[in-house]
Amino acid sequence: MKVVSLVGARPQIIKEAVVQEQLQKNGIREVLVHSGQHYDYDMSDVFFKVLKIREPDYNLGIGSGTHGEMTGRTMIAFEQVVMKEKPDVIVVYGDTDTTVAGALVGAKLKIPVAHVEAGIRQEPHNMPEEINRKVTDHVSDLLFAPSRLAVENLAREGITEGVYFVGDVMYDLFLKMKPHFDYAVIDELSLQEDNYVVVTIHRDFNTDDPVRLKWILDGLHELSKQLRLVFPMHPRTKKRIQEFGFGHVLEGVDVIQPLDYLELMGLVMQSAFVITDSGGLQKEAYFCGKRALVVMPDTGWRELVDVGWNVLLNDDAFCRNFSRIKVNDASAQDRKQSNIYGNGDAAERIVKLLTSWAESGS
Ligand code: UD1
């Protein structure tokens with residue numbers, strides 16, 4: 001079997017790490033393609049370095065642009081690679097413009113597509129990631145779901161064939177990398193355990209509307225009077241804050257460069273809680289035993305809200321809501337269920353399923 005895997009943005013590179021390891025273990029030939037959607041050192045290269053992922057065989061160099069430009073450029077360049085490599089299956093991850101481009105190329109060339117992290121759904125339904133997820137799931141042949149809810153979401157849309165609950169590859173990675181988490185930032189910033197909050201905000205619906213962005217920044221400013229806030233900032237957010245002239249609101253907040261995976265996990269492990277609009281980080285906080293205020297109207301990881309672990313934050317009461325997350329809340333610890341995202345063997349299951357599927361010739 002020959003696999004072509006397509007990555008392009010930070011969260012995909014992370015997911016590829018554990019799948020690649022299993023493909024190698026099983027002697028399966030993998031051609032790795034990077035779309036180039038993320039190109040800054042600390043948005044891309046550093047993840048290859050710290051997670052020891054091998055260099056991509058191709059980098060399509062698509063860079064930034066409108067969604068149409070990024071999706072279109074990826075499709076044009078990726079199609080060439082796929083026609084040359086003639087894989088048995090294309091593996092795509094998550095919900096980015098790179099994901100949907102890869103899935104569409106496979107579907108149009110009639111090459112089976114496997115979607116890792118299939119079945120996640122959330123409002124607003126017109127956010128770019130949600131559109132990418134839906135399209136990708138509907139043209140994929142193998143759908144690897146990270147949660148039971150994801151399987152149900154797919155069934156609601158009539159997708160039942162080729163669907164497998166495998167667990168979340170991000171949980172695999174968390175368990176594998178835990179001994180290597182990097183706690184240096186905590187010392188560098190002289191932070192005290194349980195006495196600071198990790199903040200990440202980068203979704204377009206939070207960053208691109210000045211009124212909403214100001215609401216978030218004002219809330220953070222208020223909280224920074226009580227607790228230290230550490231904010232590794234995505235380039236999009238930085239750009240918008242500069243454009244809208246909101247820089248002064250963040251005085252009192254420790255704004256730092258984006259962190260690599262091991263540094264971010266080290267930082268979360270000793271934090272009080274997390275404030276984020278990242279799909280990945282709200283789950284990683286849970287893996288670390290920390291709760292998250294999720295700055296979104298809805299989340300694809302609804303299980304964590306339903307059990308009372310994470311809290312959605314989407315009304316005017318930004319500051320009041322901070323008190324809904326108590327540090328070291330014992331009753332919350334009781335609610336922390338295990339196995340929501342599998343047993344840490346999602347990548348192993350994915351590769352087994354790919355292998356048996358290829359052997360059965362369908
Ligand atoms: C993308 C994904 C999102 C994922 C996120 C992780 C889509 C639609 N969204 O969002 O699901 O959570 O990646 O980070 O694909 N930029 C740089 N350097 C980079 C990358 C981006 O400066 O290396 C800037 C550019 O100005 C770019 C902006 O950030 O226009 C946004 O980047 P883009 O890749 O469009 O989306 P993300 O917000 O990163």
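Predicted model: local features only at pLDDT ≥ 70, side-chain atom pairs only at ≥ 80, totals over all residues.
Helix 3 and helix 4 pack with their axes 8 Å apart, and the two helices are oblique to each other. Helix 12 is largely enclosed by the rest of the structure.

**Packing of helix 3 and helix 4**

- Two packed helices are described by the angle between their axes and by the distance between those axes.
- For helix 3 (residues 67-85) and helix 4 (residues 97-108), the angle is about 45° and the axes lie 8 Å apart.
- Angles under 35 degrees count as roughly parallel and those from 65 to 115 as roughly perpendicular; helix 3 and helix 4 are therefore classed as oblique to each other.
- The crossing of helix 3 with helix 4 is right-handed.
- On the helix 3 side, the contact is made by His67, Met70, Thr71, Thr74, Met75, Phe78, Glu79 and Val82.
- Helix 4 contributes Asp97, Val100, Ala101, Gly102, Leu104 and Val105 to this contact.
- By residue class, the contact of helix 3 with helix 4 comprises eight nonpolar, four polar and two charged residues.

- Thr96 lies in the loop between strand 4 (89-93) and helix 4.
- The Thr96 side chain reaches the backbone nitrogen of Thr98 at a distance of 3.1 Å.
- When neighbours within four places in sequence are left aside, Thr96 is in contact with Ala9, Gln12, Gln37 and Asn132.

**Helix 12**

- Helix 12 spans residues 261-269, and eight of its nine residues are buried, so the helix is largely enclosed by the rest of the structure.
- The buried residues of helix 12 are Tyr261, Leu262, Leu264, Met265, Gly266, Leu267, Val268 and Met269.
- At the start of helix 12, Asp260 places a side-chain oxygen within 2.9 Å of the backbone nitrogen of Leu262.

- Asn314 is located in the loop between strand 13 (311-312) and helix 15 (318-321).
- The C-alpha atoms of Asn314 and Val294 are 8.4 Å apart in space, while the two residues are 20 residues apart in sequence.
- Apart from neighbours within four places in sequence, Asn314 is in contact with Arg212, Trp215, Met296 and Pro297.

Conventions. Residues numbered from 1 in each chain as written. Heavy atoms only, no water. Axes fitted to C-alpha atoms, helices over the stretch in contact; angles between N-to-C directions. Helix = DSSP H or I, 4+ residues; strand = E, 2+ residues; numbered from the N terminus. Parallel < 35°, antiparallel > 145°, perpendicular 65-115°, else oblique. Left-handed = near helix turned anticlockwise from the far one by under 90°. Contact = heavy atoms within 4.5 Å. Nonpolar A, V, L, I, M, F, W, Y, C, P; charged D, E, K, R; others polar. Buried < 20%, exposed > 50% of the residue type's maximum accessible area, 1.4 Å probe, protein only. Polar contact = N/O pair within 3.5 Å; in protein donor to acceptor, adjacent residues only side chain to side chain.
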